Amino acid sequence: MSATLSPEEAQSISVADTLERLGVDTRGLSGKEAVRRLADFGPNALEEKRVHPFVKFLAHFWGPIPWMIEAAAVLSAFERDWADFGIIAVMLLFNGAIGFWQEHKADNAIALLKQQLALKALALRDGAWKVVEARELVPGDCVRVRLGEIIPADLKLITGDYLDVDQSALTGESMPVEKKAGDVAYSGSIVGRGEMDGVVVSTGMDTFFGRTARLVQESHVVSHYQRAVLRVGHFLIMLTLALVALILMVALFRHTPLLEAGRFALILTVAAIPVAMPAVLSVTMAVGAVKLARYRAIVTRLVAIEEMAGIDVLCSDKTGTLTQNKLVVEDPIVFSGPSAEETIRVAALASRRENPDPIDRAILEKLAALGQEATGTVEDFEPFDPVTKRTEADVVDGERHFKAGKGAPQVMLDLCGTTGAARDKVQQAVNDLAERGYRTLGVARTDDQGQWTFLGLLPLQDPPREDSAKTLKTAKEMGMAIKMVTGDHHAIARELAGQLGLGKNILTADKLEGLDSHAYEEQVEDADGFAEVFPEHKYRIVQALQRRGHIVGMTGDGVNDAPALKEADAGIAVSGATDAARSAADLVLTAPGLSVIVLAIEEARKIFQRMTAYATYRIAETIRVLLFMTLAILIFDSYPVTAVMIIILALLNDLPIMMIAYDNAKATPKPAGWDMHKVLTLAIVLGVAGVFASFGMYWIGKVYLKLDLPTVQTLMFLKLTVAGHMTIYLTRTGEHPFWHRPFPSLALLGTSELTQIVATLFAVYGWFMEPIGWSLALFVWGYALVELVLSNELKTRAFRLATHGRGAEKRHLERSNLRLHP
């Protein structure tokens, strides 16, 4: 009989009764039975509250901005201006459709990334251990859980010595809880130590995790960049409301019809307020995250992209990141063992043969290469533990019974009680091998009396990756300092650092102990790397660098690296990281090597540039349109454009803005940071220049060409559209000329030019406005192109003056300091 058991039921009955209730034994399920149970019980996943797409679409018509557009439509209906009513309704639907489509794309991108990070589980199926998706587990599956893994379902533990489980996120217990055979381990808790097999008793919403809704209540994190941009958005909203209020007051004093003035004010507010800001930011980051995934770097928090762009210190793991993570065992150094082959055989017996870790695999491959076999039956095996730093096996070989062990040389020497000259000899060999870049393992076994004997050393080498030296050089050129962080011996770390050109100022954790805070920070900042560190040291290193003003990236792979990964500005889980490290990281790598990280940081800088271009454009455009409108109404006592024209202008503006997410961008040569001074300088210069240019066009139409007001309004509509879209080309290149590489992407260029052409057709043929013909339309285009060139010159000169001013101020401060401190 197969059934699902609650955690409480499973805890209260024996292992035998549990297996009987689930209708299984310790041999696990067959593949066919697992498929049948999956159909019965459903996937091992929490039920997501899914909102119907139509309801999501309707949500885009509810909120302050849609309310203003809807109010404008109602006012048009009261005036029986059905043409305006129709256009406003189209704008409302268009804004809703654009917002819905962009949100849909961002959601799909995040779902794709989550799918790539889906948890895996080791299950016993058809008599063999197989890696399966955690969501495919069913009640009755036999599962093995190990150090660093997230428990994939509620398990009744059946075999193994013990587990230390961190279930603080579920139960609030701050200390790890020890589990043994017969206990229940909850889904979502993290294995801190040990290894055990268990049978799945409940999955999905039936688990303890499912019943408490979620593992970790994820708070909404707002990045530094988002906070800055949202502050800009709030400033623009307040400026808009103040100027619109001024327009309404003037309209009242001039006895302008209240409905007409109110409708115009509402529409102008909608056009000026940065409605698309949240959508543009989320889409830009989502599109960037998808591109990062192509480099096999998966973003777990979109806002982390901004932090990655600003990384100036990267604390890099050694193994697998700077090296190949492919250990090779060289010929053993024998001390008390009978032969090199026997030393390797004993080491192989102290290794896990099914699902071996990298060290075990290297030892087994070395034994196979010698044509030998690890004869003997392992009756009990204690896996590697980061505290004891060794493995141990109980072996029966014929009539002989002994223990085999391998681990850190110092640990094995202590176990054997080796002292004096014999210990010094081993230590000297360890040091000599370390100087040549080798890691060593001590091998020991017990004799007939049960006393441990140290047999010898196994030299292991993890050679540098072929691309590491080149990638490190590139990283330095990008303005990043790379600091190697490893638990390996100091000599190994120093040798590798020398080979890669990192520098040889490698500090050990014990050298940093006892220093006061200031000295500690100085030492950490000056170091090229750190050796013999434990996870808690990584955490302190990150904090020290952050206190010195650095944006820190930290790589890690173990369960104990999670605090450091969370503390870092950008935590990076390297390829092969444990589930716990992956869940704590902002970026998860699915390919080994440092080059992946450098590529990801470079791409993050490009994404940051796109967001900065948008923020600058949005500020400049609001200043340009809103200030011109307000001044024109106050000075000339007439509307420079109609309400319908503002609606069309806002509609046409939305499309190119959305394409900024797909624009070509150049990564900054140094770490990217939010430079408000630069953004405001550029936005104000371009915005004010646009206001003067608009008044110039208004004067030409009204005074020089003596056109009537409706024709002048069409002229101004076309000028604001064409010149406004050209402003995008100015903001995307920052302080550089608009022709500076990289050129705009086809998506941005095509959409921008297409909307300008559509606006031209509206103006030429008089759709919802007075027609102006081709001659005046071409004149507006020529005027806008001249404005583009002049604004470009004004922009570059303003940056030159600002840079010169800051440089002079810096030199003045330096001279002042010299006078104060000769």
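K425 is exposed, at 54% relative accessibility, where exposed stands for over 50% relative accessible area, buried for under 20%, and partly exposed for the range in between (1.4 Å probe, protein chains only). The structure is a predicted model, in which local features need pLDDT of at least 70 and side-chain atom pairs count only at pLDDT 80 or more, while totals for chains, interfaces and linings use all residues. Residues are numbered from 1 along each chain as its sequence is written, and side-chain values use heavy atoms, with hydrogens and water left out.

K425 belongs to helix α16; helices here are DSSP runs of H or I with at least four residues, strands are runs of E with at least two, and both are numbered from the N terminus. A422 is placed in helix α16 as well, which spans residues 420–435. A422 is partly exposed, with a relative accessible area of 41%.

Both residues can be related to F335. Between A422 and F335 there are 87 residues along the chain, yet their C-alpha atoms are separated by 8.8 Å. For K425 and F335, the separation is 90 residues in sequence and 9.2 Å in space, taken from C-alpha to C-alpha.

## A negative patch on the surface

A patch of negative charge on the surface is formed by D161, E379, D380 and E382. Patch members have over 30% relative accessible area and no salt bridge, with like charges joined within 9 Å and nonpolar side chains (Val, Leu, Ile, Met, Phe, Trp, Tyr) within 5 Å. A salt bridge is a side-chain nitrogen of Lys or Arg within 4 Å of a carboxyl oxygen of Asp or Glu. Lys and Arg count as positive and Asp and Glu as negative, with His and the chain ends not counted; each charge is placed at NZ of Lys, CZ of Arg, CG of Asp or CD of Glu.

Strand β12 (residues 377–382) supplies the largest share of this patch, three residues. D380 is found in strand β12, and its relative accessible area of 32% makes D380 partly exposed.

Y765, W767, F768, W774 and L778 make up a nonpolar surface patch with about 590 Å² of accessible area together (Shrake-Rupley method with a 1.4 Å probe; for residues, only the protein chains shown count as cover). Y765 is located in helix α28, residues 746–765, and is partly exposed, at 48% relative accessible area.

F768 lies in the loop between α28 and α29 (773–820). F768 is partly exposed, also with a relative accessible area of 48%. Its phi is near 65°, a positive value in a residue other than glycine. P742 occupies the loop between α27 (709–731) and α28, and the peptide bond leading from R741 to P742 is cis, with omega near 0°.

## The loop holding E532

E532 sits in the loop between β19 (529–531) and α21 (535–547). Although E532 is not a glycine, it has a positive phi of about 55°. E532 is partly exposed, with a relative accessible area of 32%.

## Cysteines

The structure contains zero disulfides, a disulfide being a pair of cysteine sulfur atoms within 2.5 Å. C142 is buried, with a relative accessible area of 4%. C416 also counts as buried, at 16% relative accessibility.
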